[in-house]
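User: I am new to this structure and would like to learn how to read its features one at a time. Please take me through them in order.

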Amino acid sequence: MIHSFYALRCNRIASRRLVSIARGFASEPHDEPSGIRNMALVAHIDSGKTTLTESILHKSSYISSPGSVDTGSTITDFLPAERERGITIQSASVPVKWKHWTFNLIDTPGHADFGMEVESASRVVDGAVVLIDSVEGVEAQTKAVWGQLSRYNVTSRLVFVNKLDRPGASFRASLISLIAHGLHSNPLAVTLPIASVKPDDYARAEPGIVGLIDLVKWQLWEWAVDGECRVHSLPLSLDSVDLARLLPKEHPVIPHLIPARVALLENLAMFSEELMDKLLALPSEPSSYLQIQPQDIIPPLRRATLRNQVLPVLCGSASKGVGTELVMDYVGELLASPLDVRIEDEDANGPLRLLAWKVAWDQRKGWMTFVRVYSGRLRNQSVLFNVNTGQKEKVSKLLLLYASEAQEVDYLPYGSVGVLLGLRFTRTGDTLVSGRGQGKIATTQSMRGVVLPPAVMSVSVMPNSHSDLEPVQEAIQALIRTDPSVRMDVQDGQILIHALGALHLEIIEGRLREEWRADFEFGRRQVSYRESVDSNMSSDLQEWSTEVSGKVVTARVSLSISPLAAGEQGDPAFEGNLVLDNKGNPLIAPDASPNQLHPLTNLARGISSALSSSPHTLLPYSHVKVQIMAFNLPRDAPSSILAGASSAIMRNILKRARMGPILEPYIKLRISVHEDTIGKVVKDIMDSGGEVLDLASDTTAVGNEGGAGRWNADTTYIPPVELSPSSASSALIAGIPRSKLTVHAVAPLSQMLDYSTRLRALSAGHGTFNMTNAGFREVSESRKSAILRELGRA
């Protein structure tokens with residue numbers, strides 16, 4: 001049977017299904033957890049996250065026309081610094097109604113300096129859409145955000161290959177890049193791009209994208225220049241006249257339709273016996289696979305996505321609105337709901353439990369605490385108990401936040417994301433439970449918090465006058481509450497701010513001046529070094545005494561301290577150190593402990609405090625392994641005494657030891673320059689103490705890195721080159737390969753603070769680069785002496 005041809009106007013569909021939410025705010029949140037999708041858009045910088053967010057808001061009738069990053073008119077980039085620079089600095093949450101789903105969509109920054117925003121968002125979402133620039137493929141920060149999602153077990157993900165309208169865009173190379181960089185071994189192409197309905201445009205290698213083939217629902221989506229789209233049902237026979245009405249019979253995409261759908265179904269059938277049985281019952285010719293209905297495909301596809309067995313890949317162009325509706329459809333169909341990822345003690349009717357994943361300051365509203373409801377229902381004017389700090393808080397208002405605009409609601413149901421006003425002490429990563437009837441049971445209900453990325457750069461802060469000292473310190477403390485990746489300490493009477501990079505420091509300076517009206521000057525930027533240990537140290541049970549309620553209480557602790565062995569990994573929650581209990585098991589960060597009164601939690605808190613500052617250099621420690629060998633505490637003494645005891649005893653051990661090796665932060669560089677300047681760039685890296693890892697031509701297929709980009713042709717469908725016609729023209733210009741090379745290198749961060757200016761001079765303005773954190777490395781003795789002189793510790 002051949003499906004008859006039909007066409008539907010997309011915005012007419014939207015107007016019929018979304019009348020109730022056209023530009024209006026929802027008066028109440030979505031009550032049915034199965035219809036909630038807590039999801040984030042994550043990617044490398046300039047991959048189009050904010051543009052896709054605007055397109056989603058437009059297609060869902062939230063806004064009448066999409067804004068532009070270039071003009072500073074987007075909904076989610078509302079900070080002055082974001083609109084001035086054209087980048088996302090902080091994550092923004094928007095509840096989006098689409099069909100019968102509610103998406104709590106979080107648009108995140110792509111710059112590495114604002115990785116804390118991705119970290120906190122990754123902690124509370126159940127799924128994510130990862131964007132890839134179809135010209136660049138997988139980039140450095142793509143892999144970083146992928147790792148952040150994995151850290152919090154966000155297994156259900158979609159990939160959106162964006163910017164297919166650009167010259168040089170390649171759907172094929174993007175999929176190969178996913179495999180080559182190890183993001184996933186089984187990407188599943190759900191849509192295929194149509195660059196043009198005219199075959200001649202393919203022959204001329206014209207860039208563009210005007211339509212998509214939905215391989216699951218067997219539909220053709222076609223977009224006009226004005227953004228209006230038509231959806232066509234594809235026939236079950238590719239020789240029918242119905243197909244000829246849609247595409248010319250010589251169109252390059254037609255021969256690949258059946259192979260693409262066959263690959264999709266056979267790959268998916270590897271994870272679904274029911275689908276496998278349906279395929280085995282079909283006639284042997286490949287065209288019989290067109291008879292499988294979407295309702296037979298979507299359930300196994302969803303199950304495989306939730307289990308991370310496959311990675312659905314969609315494509316399009318966010319700036320042109322091509323593919324946005326399909327992204328929204330498959331977010332609803334495939335990504336996890338709160339019910340799919342809940343643990344045993346999470347329930348819509350259970351005891352109230354929230355996680356604070358972000359804290360912000362607003363001049364009019366005051367402190368705004370972003371929360372995810374993991375159990376129960378939160379009502380307005382509730383009294384909450386902060387498990388991590390032991391303090392009670394009262395909620396003055398509940399809000400659904402639409403970027404910078406807010407709508408007050410009466411309650412937040414299970415699985416929802418919202419904003420609380422009135423909380424004075426809650427920090428990012430804190431667990432909140434009902435303040436009524438709380439007691440000792442509440443202390444066991446702490447949830448896993450947010451891992452703070454390590455600071456790599458610092459700057460001194462000099463108040464303009466003595467009277468400005470206290471306001472400046474208060475402003476910094478307030479900013480730290482909104483951005484926990486910022487650290488402050490005082491060394492020799494000088495205030496130091498530690499941050500994730502140069503751009504991060506610029507934003508911090510601007511926020512302190514504009515939001516908190518602080519009067520100060522920044523000193524010279526410098527990188528944040530670390531100290532380690534170079535020998536094993538241990539102690540028998542050592543005593544530490546303090547007075548509690550007028551009585552002297554003595555605690556005894558025995559510790560073993562050593563450098564990390566080869567192959568051992570430090571815990572980011574302990575600044576790259578490894579803390580073990582008396583059985584050799586790793587301890588989690590104290591604030592993330594499910595039991596704040598447990599003796600090991602307090603021992604870990606004291607050890608973490610001791611590791612934060614070396615008695616020799618005042619630098620934080622890193623790459624250190626600390627094991628608790630034994631401890632003793634009087635039965636009636638509070639376990640919090642162990643925090644002070646372990647901290648003091650460990651400081652004494654470190655003070656008696658000699659100064660350890662100094663560690664310096666390194667960065668990974670990806671530099672793209674013309675071939676005639678490659679020698680200058682490589683020499684500059686070597687002169688700066690860096691190391692060149694690889695040189696690759698831009699004509700090399702994305703992802704074919706040393707043979708790592710191989711795939712199993714029997715199970716993985718890789719689209720042919722001809723589906724992205726402009727990718728061929730970008731590789732060859734008049735038969736001559738492009739003359740750009742990409743340099744992959746690592747280098748000390750301290751030597752790269754002005755690299756943007758240097759590269760501009762070396763490459764005559766044609767070079768581009770990006771950098772990501774590469775961790776800390778031990779320095780030579782001569783470099784160590786130079787660093788100590790720089791710190792005034794020589």
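Predicted model: local features only at pLDDT ≥ 70, side-chain atom pairs only at ≥ 80, totals over all residues.

User: Which strands pair with β33, and in what sense?

Analyst: Pairing is read from the bridges that join two strands. Strand β38 (residues 768-778) pairs with β33 in the antiparallel sense over nine bridges. Strand β37 (residues 740-748) is likewise antiparallel to β33, with nine bridges. Strand β27 (residues 530-531) also runs antiparallel to β33, joined to it by two bridges.

User: Which residues stand opposite one another in these pairs?

Analyst: Leu669 has Met771 as its bridge partner in β38, and Leu669 also stands opposite Ala745 in β37.

User: How many residues does the largest nonpolar core have, and which of them touch the most other members?

Analyst: A core is read by asking which buried nonpolar residues are joined through their side chains. The largest nonpolar core has 138 residues, and those touching the most other members are Val129, Val159, Phe171, Leu192, Leu354, Leu412 and Leu420. Helix α9 (residues 257-269) gives the most to this core, with nine residues.

User: What does Val129 touch?

Analyst: Setting aside residues up to four places away in sequence, Val129 touches Met39, Ala40, Leu41, Val42, Leu158, Phe160, Val327 and Val331. There is also a second, separate core of 45 residues, which includes Ile671, Val673, Ile678 and Ala745.

User: Let us turn to open spaces. What is the volume of the second largest pocket, and which residues lie nearest its centre?

Analyst: A pocket is described by its volume and by the residues that line it. The second largest pocket has a volume of about 1400 Å³. Its lining is made up of 45 residues, and Leu452, Arg487, Ala573, Asp591 and Ser608 lie nearest the centre.

User: Which elements supply this lining, and how does it divide by class?

Analyst: At least two lining residues come from each of α14 (469-482), β24 (487-491) and α16 (599-611). The largest share, five residues, is supplied by β24. By class, the lining of the second largest pocket comprises 20 nonpolar, 13 polar and twelve charged residues.

User: How many cavities of 30 Å³ or more does the structure hold?

Analyst: A cavity, unlike a pocket, is a space from which the probe cannot get out. The structure holds six cavities of 30 Å³ or more. The second largest cavity has a volume of about 80 Å³. Among its 13 lining residues, Leu164, Ala195, Gly208, Ser724 and Pro725 lie nearest the centre. Elements that give two or more residues to this lining are β8 (191-194) and α19 (725-731). The lining of the second largest cavity has nine nonpolar, three polar and one charged residues.

User: Finally, single residues. Where is Ser272, and is Ser272 buried or exposed?

Analyst: One reads the location first and the accessibility next. Ser272 is found in the loop between α9 and α10 (273-280). With a relative accessible area of 5%, Ser272 is buried. Apart from its neighbours within four places in sequence, Ser272 is in contact with Pro300 and Arg303.

User: Which phi values do Asp46 and Lys99 have, and where do these residues lie?

Analyst: Asp46 is not a glycine, yet has a positive phi of about 65 degrees. Asp46 lies in the loop between β2 (36-42) and α2 (49-59), and is exposed, with a relative accessible area of 52%. Lys99, also not a glycine, has a positive phi of about 55 degrees. Lys99 is in the loop between β3 (92-98) and β4 (101-107), and is partly exposed at 32% relative accessible area.

Definitions and conventions: Residues numbered from 1 in each chain as written. Heavy atoms only, no water. 1 Å grid on protein atoms, 1.4 Å probe; cavity = no way out; pocket = protein on both sides within 12 Å on 5 of 7 lines; lining within 4 Å. Points joined across faces, edges and corners; volume = space filled by probe spheres on them. Helix = DSSP H or I, 4+ residues; strand = E, 2+ residues; numbered from the N terminus. Nonpolar A, V, L, I, M, F, W, Y, C, P; charged D, E, K, R; others polar. Pairing = 2+ DSSP bridges. Core = buried A, V, L, I, M, F, W, Y, C linked by side-chain atoms within 4.5 Å. Buried < 20%, exposed > 50% of the residue type's maximum accessible area, 1.4 Å probe, protein only. Contact = heavy atoms within 4.5 Å.
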